Amino acid sequence: MSVYKGPERLTNDRYMTLSAPYRLFKHSVDGLIDTHWHEFFEMGFVVSGSGTHILNGVPLRLERGAVFLLSPADFHSLEPDPGETLQLYDLIFNDHFIREPLMELLFDHRTEYTHWYAEEQMAELLQEYERIWDESMDLQPESEILIQGAVERLLIDLFRKSRTASPQLGEEGKRHQMLQSAVRKGLIYIQHRFREPLSLEEVASYCGLSANYFSECFRKGTGSTFQSYLQEVRLQFARSLIKTTQLPITEICFASGFNTLPHFERAFKKRFQFPPREYRKQ
């Protein structure tokens with residue numbers, strides 16, 4: 001079986017260490033950053049310049065005040081406008097850096113976090129990012145606590161801004177809160193790793209439950225079996241790639257977590273009535 005090679009995936013061990021589960025960069029982007037995804041979370045804040053951010057195949061404008069948050073389930077590319085240089089803070093962190101209640105708040109449902117802060121809100125954001133930068137450059141025993149607090153404030157503010165822009169998110173959040181904590185934890189795990197080989201036993205173990213008990217709780221909580229839910233997440237992701245990109249169908253198959261092209265094509269046709277290539281022409 002051929003191994004899927006791209007787009008590039010950026011890994012924790014290339015950009016972070018065990019002793020520092022976060023890093024903040026100041027980037028100057030004057031050329032295309034091609035499509036890629038990460039093993040870690042990424043929050044970007046544009047200080048100046050303009051360009052295009054293609055997030056999960058959807059083009060979005062980048063300009064001063066733009067903030068975006070990406071999980072390991074997202075893919076994106078950045079390209080400045082002709083003659084422009086994008087200046088941005090780029091904060092990366094792994095899933096051990098922020099507390100579990102905040103992880104559940106942000107990621108127990110599937111949404112995209114992007115917001116454009118007004119000029120009068122910029123000073124506060126710049127102060128938070130500069131505080132993180134200064135503490136990172138001159139680490140002291142209490143620095144990680146201060147940095148974690150600043151990051152969590154930024155994340156909560158972005159969550160609130162996104163929730164205000166999308167009121168339906170609040171109702172979805174309430175529905176998820178009714179699920180057992182273990183099931184919510186499993187949904188987050190699936191949403192961030194659905195492109196990888198995933199088994200019921202692996203997710204159940206991550207949630208601290210036996211496979212049989214987790215399977216029963218998952219079905220009662222979501223109304224779906226584990227395998228059906230996982231396949232639906234993969235198919236919806238594949239459909240978004242087919243609709244919004246020109247990636248080859250074979251690449252989309254493997255990028256969405258399917259092991260073989262025939263299986264992907266059968267599942268896609270059963271779900272959406274058309275094979276992937278015909279669906280793209282609709």
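Residues are numbered from 1 along each chain as its sequence is written, and side-chain values use heavy atoms, with hydrogens and water left out. In this predicted model, local features need pLDDT of at least 70 and side-chain atom pairs count only at pLDDT 80 or more, while totals for chains, interfaces and linings use all residues.

Student: How is helix 9 oriented relative to helix 11?
Tutor: Helices (H or I, at least four residues) and strands (E, at least two) are DSSP runs, numbered from the N terminus. Helix 9 (residues 226–244) and helix 11 (residues 261–272) have axes 11 Å apart, at an angle of about 90°; axes are lines fitted to C-alpha atoms, for helices over the stretch in contact, and angles run from 0 to 180 degrees between N-to-C directions. Angles under 35 degrees count as roughly parallel, over 145 as roughly antiparallel, 65 to 115 as roughly perpendicular and the rest as oblique. Helix 9 is therefore roughly perpendicular to helix 11.

Student: Which residues of helix 8 does helix 6 meet?
Tutor: Helix 6 (residues 181–193) packs against helix 8 (residues 211–222) at about 90°, with the axes 10 Å apart. Contact means heavy atoms within 4.5 Å. From helix 6, Ala 182, Val 183, Gly 186, Leu 187 and Ile 190 take part, and they meet Phe 214, Cys 217, Phe 218 and Thr 222 in helix 8.

Student: Which strands hold Trp 37 and Phe 75?
Tutor: Rings of Phe, Tyr and Trp (its six-membered ring) pair if their centres lie within 6.5 Å; planes under 30 degrees apart count as stacked, over 60 as edge-to-face and the rest as tilted. Of the 20 aromatic pairs found, one is Trp 37 with Phe 75, edge-to-face at 5.8 Å centre to centre and 90° between the planes. The pair ties together parts 38 residues apart in sequence, because Trp 37 lies in strand 3 and Phe 75 in strand 8.

Student: Which residues does Trp 133 touch, not counting those up to four places away in sequence?
Tutor: Trp 133 is in helix 3 (residues 119–137). With that exclusion, Trp 133 touches Leu 24, Phe 25 and Lys 26.
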